[in-house]
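Visitor: I'd like to learn how to read a model like this one. Could you take me through it?

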Amino acid sequence: MSARIPVQQHRADVAALLAPLVASRPVEVLPLGQALGRVLGADVVAPVAVPAFRNSQMDGFAVRAADVAGASRPAVPVVAEIPAGAGAPAPLPEGAAARIMTGAPVPDGADAVVPVEDTDVGRFEQGARPESVQVLRPVTAGQFVRDAGSDVQVGDVVLPAGTELGPAQLAAVAACGVATVPVVVPLRVAVLSTGAEIVEPGQDLAPGQVYDANSTALVAAVRQAGGVVAFDARCDDDPAALREVLDEAAVLADLVVTTGGVSQGAYEVVKDVLAGVLDPGAGHVEFRSVAMQPGGPQGFGRYRGTPVLTFPGNPVSAQVSFVVFLREIVEAGAGHIGRAGARRERRRLADDVVSPGGRRQFLRGALGPAGTVRAVGGRARTSWPRWPGPTC
Ligand SMILES: Nc1nc2c(c(=O)[nH]1)N[C@H]1C(S)=C(S)[C@@H](COP(=O)(O)OP(=O)(O)OC[C@H]3O[C@@H](n4cnc5c(N)ncnc54)[C@H](O)[C@@H]3O)O[C@H]1N2
Ligand code: MOO
């Protein structure tokens with residue numbers, strides 16, 4: 001068997017294969033309701049100011065600060081009522097107050113709002129406008145008045161390209177009256193799980209069969225990384241069937257990921273079909289052994305022009321392969337950059353860990369107290385860990 005390829009080398013080769021997919025992503029325009037979790041492909045610029053008009057930050061009285069600022073703070077007549085949603089109010093005469101609600105337009109002439117609890121009125125009764133009001137605390141010009149454009153001015157960049165859209169970001173866009181956003185189109189990934197023995201969960205299990213965990217794992221992993229699963233299928237070890245599925249996947253997806261059928265067995269049909277052994281010209285996938293455990297047997301190349309990665313069938317190996325070789329690329333394809341850095345953290349090992357010689361070992365861990373991490377998964381590092389399971 002040829003020498004094992006270092007993990008970094010295989011990562012670089014996969015990155016080079018997929019670089020054209022990530023280099024310049026198309027952008028699509030989506031309604032805000034469909035854009036959660038997506039990444040802006042262009043700046044969002046405000047077409048209006050926010051707030052659009054000068055308005056009150058409190059339920060209270062709009063006044064001229066100078067009228068009520070004196071030591072005696074004389075009572076002033078309440079000459080108008082300004083609820084939120086009302087049109088432009090009449091200017092406030094000198095020496096008067098207007099009862100005003102939070103969010104209502106502050107009339108010209110007024111330069112401050114006094115909260116109702118800072119006046120002799122104390123609190124508002126439904127519908128009953130007091131005839132006069134006396135301010136009980138010092139008033140400064142500008143207090144509790146939100147100026148037009150104080151949050152956002154026309155032409156401001158509300159959110160720059162590259163921003164991930166969560167609830168707060170979508171709200172900021174909506175507040176500017178913008179109904180759609182330009183977002184990066186994610187990578188479309190096809191997930192193919194191969195093996196004569198694999199069965200869809202929910203079906204009966206015959207002797208020698210195993211439930212397919214890889215489809216579920218990789219479909220979820222692709223979506224979590226921001227990608228779109230354009231196609232997913234399960235297929236046995238029949239070359240014709242596999243080719244048929246690959247033909248469809250290669251058309252529908254930017255990238256095909258397979259699991260299983262890549263080690264040294266007698267029925268490694270994935271290897272035969274994808275390496276072009278069975279159909280020269282269709283597949284150009286190079287199979288190699290990477291110096292890692294789990295996830296050693298790897299393949300990368302193209303099938304009918306579409307990039308293909310082949311992950312080993314063991315479920316833990318397939319998941320580790322995704323994390324090590326593909327997760328960041330799917331994230332980048334969706335515009336998410338910098339997530340990888342945010343995930344990395346240094347912890348102290350709680351127990352000794354012995355790694356096999358010449359291979360990088362990837363262990364699952366459980367975060368423990370006092371900043372420690374403990375390897376979980378037992379001696380067979382690729383088996384399913386019992387609960388409590390890994391947290392990292
Ligand atoms: N002689 C050698 N044998 C093996 C080697 C080797 O170097 N020399 N490598 C071992 C390593 S490491 C791995 S990993 C596996 C990879 O094998 P394949 O990619 O060919 O995968 P399969 O043989 O199809 O399956 C391996 C294992 O995982 C189970 N499996 C497969 N698909 C699924 C699925 N979708 N859901 C759940 N479980 C699945 C399958 O039943 C096998 O138990 O090869 C070693 N052998
Ligand atoms: O490398 Mo295999 O992927 O150990 O389990």
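**The ligand and the chain around it**

Visitor: Which atom of ligand 1 lies 3.3 Å from a polar side-chain atom of Asn214?

Guide: That's a nitrogen atom of ligand 1. Pairs like this are polar contacts (two N or O atoms within 3.5 Å; within protein, one must be able to donate a hydrogen and the other to accept it, and residues adjacent in sequence count only if both atoms are side-chain atoms). Before we go on: this is a predicted model, where local features need pLDDT of at least 70, side-chain atom pairs count only at pLDDT 80 or more, and totals for chains, interfaces and linings use all residues. Residues are numbered from 1 along each chain as its sequence is written, chains are lettered from A and ligands numbered from 1 in the order written, and side-chain values use heavy atoms, leaving out hydrogens and water.

Visitor: Which backbone atoms come up around ligand 1?

Guide: A backbone N or O of Ala213 is 2.9 Å from a nitrogen atom of ligand 1. For Gly313, a backbone N or O is 2.9 Å from an oxygen atom of the ligand. On its own, ligand 1 exposes 870 Å², and the protein buries 62% of that (Shrake-Rupley, 1.4 Å probe).

Visitor: Which residues come nearest to ligand 1?

Guide: Glu197, Asp212, Ala213, Val262 and Gly313, out of 19 around it (a heavy atom within 4 Å). By class, that shell has eight nonpolar, eight polar and three charged residues, with Gly counted as polar.

Visitor: Which elements each supply at least two residues of that shell?

Guide: β14 (210–211) and α6 (315–333) do. These are DSSP runs, numbered from the N terminus: helices are H or I of at least four residues, strands E of at least two.

Visitor: Which residue other than glycine has a positive phi?

Guide: Take Phe144, with phi near 55°. You'll find Phe144 in the loop between β8 (132–133) and β9 (145–146).

Visitor: Where should I look for cis peptide bonds?

Guide: Check omega. From Val50 to Pro51 omega is near -10°, and Pro51 is in the loop between β2 (44–45) and β3 (55–56). Gln293 and Pro294 are also joined by a cis bond, with omega about 0°. Pro294 belongs to the loop between β18 (292–293) and β19 (297–303).
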